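Here is a short briefing on one protein chain. Look at the sequence and the structure first, then read the points below.

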Amino acid sequence: MIVGGTTIETRAEVGILSSNVRISGTENGWPCNIVVADYIDFDAIPNPITRSGTVNLNNVEIDYCGQKDTIRAGLRFEKNTKASSVTNSIVNRSQTDLIYFDETYKMTLKEN
């Protein structure tokens with residue numbers, strides 16, 4: 001994505017590890033959210049392009065995530081068309097739904 005003539009990377013690698021990963025918000029009202037989504041990048045030059053999110057989580061704990069009184073679950077998939085998977089993982093102590101899906105396709109949930 002280009003903003004004000006500066007290129008900004010719009011993807012992130014959280015972790016590729018051989019052991020368990022824990023993603024955690026805090027108990028004092030600062031929960032986390034993991035969002036996997038497709039969106040249209042209108043800043044792409046010369047024409048807008050669709051960016052597609054995907055995630056493959058294995059042996060991950062998502063703890064103290066999700067915002068109270070919203071649909072912002074700890075793990076959220078929105079209008080997602082690429083294949084994603086969540087295996088051998090746990091989402092717990094959320095202040096709202098644990099996992100939220102909206103127009104999500106090709107999703108695998110296994111042994112969670």
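Cys-65 is buried, with a relative accessible area of 1%. Buried means under 20% relative accessible area, exposed means over 50%, and partly exposed lies in between (1.4 Å probe, protein chains only). This is a predicted model: local features need pLDDT of at least 70, side-chain atom pairs count only at pLDDT 80 or more, and totals for chains, interfaces and linings use all residues. Residues are numbered from 1 along each chain as its sequence is written, and side-chain values use heavy atoms, with hydrogens and water left out.

**The disulfide**
- Cys-65 is joined to Cys-32 by a disulfide, with an S to S distance of 1.9 Å.
- The two cysteines lie 33 residues apart, so the pair links distant parts of the chain: Cys-32 sits in the loop between E3 and E4, and Cys-65 in the loop between E8 and E9.
- Strands (E, at least two residues) and helices (H or I, at least four) are DSSP runs, numbered from the N terminus.
- Cys-32 is buried too, at 16% relative accessible area.
- The count comes to 1 disulfide, taking a disulfide as a pair of cysteine sulfur atoms within 2.5 Å.

**The chain as a whole**
- The protein chain has 0 helices and 13 strands.
- Of its 112 residues, 29% are buried.
- Contact means heavy atoms within 4.5 Å. Among contacts with a separation of 6 or more, 66% come from residues 24 or more positions apart.

**The nonpolar core**
- A nonpolar core is a set of buried Ala, Val, Leu, Ile, Met, Phe, Trp, Tyr and Cys residues joined through side-chain atoms within 4.5 Å.
- The largest one has 14 residues, and Ile-23, Leu-57, Val-60, Ile-62, Leu-75 and Phe-77 touch the most other members.
- Strands E3 (21-24), E4 (34-37), E8 (60-63) and E9 (75-78) each supply at least two residues of this core.
- Beyond its neighbours within four places in sequence, Leu-57 is in contact with residues including Ile-62, Leu-75 and Val-86.

**Backbone details in the loops**
- The peptide bond from Ile-45 to Pro-46 is cis, with omega near 5°.
- Pro-46 lies in the loop between strand E5 (39-41) and strand E6 (49-51).
- Lys-79 is not glycine, but its phi is positive, near 45°. Lys-79 is in the loop between E9 and strand E10 (84-87) and is partly exposed, at 42% relative accessibility.
- Lys-106 also has a positive phi, near 60°. Lys-106 is in the loop between strand E12 (99-102) and strand E13 (107-110) and is exposed, at 60% relative accessibility.
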